[in-house]
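Please take a look at the chain below and trace its strands.

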Amino acid sequence: QVQLQESGPGLVKPSQTLSLTCTVSGGSITINPYYWSWFRQPPGKALEWIGHIGYSGNTNVRPALRSRTSISRDTSNNLFSLQLRSVTPEDTAVYYCARGNFGSSDPDTYNYWGQGTQVTVSS
């Protein structure tokens with residue numbers, strides 16, 4: 001019954017901030033032991049873990065993106081968000097949100113996924 005839905009602008013200009021929201025229904029984002037992650041898949045490339053926010057609110061971001069990535073949540077609205085700053089065309093990808101039982105970067109450990117949303121970085 002858990003459903004995740006990504007939303008946000010599909011087009012972002014270089015140097016600006018990519019902001020996405022994942023709205024969760026059918027389950028609270030504060031429930032132990034779930035972790036809520038962002039993934040992305042650039043054209044022709046493998047799925048890449050961006051980072052997660054856990055049920056307690058703790059966050060982790062892959063080192064390569066850590067300096068320009070923020071993950072936050074709004075428990076009142078049962079959603080979590082991604083901000084990726086200073087974007088370049090290399091950030092163009094389909095972005096997914098997902099739920100898993102571990103704080104893992106392995107997409108195989110996530111059992112609920114949003115449908116994905118295309119984000120293009122272009123001027």
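Here is a walk from the whole chain down to single residues.

This is a predicted model, where local features need pLDDT of at least 70, side-chain atom pairs count only at pLDDT 80 or more, and totals for chains, interfaces and linings use all residues. Residues are numbered from 1 along each chain as its sequence is written, and side-chain values use heavy atoms, with hydrogens and water left out.

**The whole chain**

The protein chain has zero helices and 11 strands; helices (H or I, at least four residues) and strands (E, at least two) are DSSP runs, numbered from the N terminus. With 123 residues, a compact globule would have a radius of gyration near 14 Å, and the 13 Å of the protein chain agrees with that. This radius is taken over C-alpha atoms, and the globule rule is 2.2 Å times the number of residues to the power 0.38. Along the principal axes, the C-alpha atoms fill a box of roughly 40 × 25 × 25 Å.

Buried residues make up 41% of the 123 residues, where buried means under 20% relative accessible area (1.4 Å probe, protein chains only). Among contacts between residues at least 6 apart in sequence, 55% join residues at least 24 apart; contact means heavy atoms within 4.5 Å.

Two strands pair if DSSP finds at least two bridges between them.

| Residue | Opposite residue in E8 |
|---|---|
| Leu 18 | Leu 84 |
| Thr 21 | Ser 81 |
| Asp 74 | Leu 79 |

The hairpin of E7 and E8 has four residues between the strands, and Asn 78 takes a positive phi near 55° there.

**Around Arg 68**

Arg 68 sits in the loop between strand E6 (59-61) and E7. Leaving aside neighbours within four places in sequence, Arg 68 is in contact with Gln 83, Leu 84, Arg 85, Ser 86, Val 87 and Asp 91. The side chains of Arg 68 and Asp 91 are joined by a polar contact of 2.9 Å. A polar contact is a pair of N or O atoms within 3.5 Å; within protein, one must be able to donate a hydrogen and the other to accept it, and residues adjacent in sequence count only if both atoms are side-chain atoms.

How values were computed: Buried means under 20% relative accessible area, exposed over 50%, partly exposed in between (1.4 Å probe, protein chains only).
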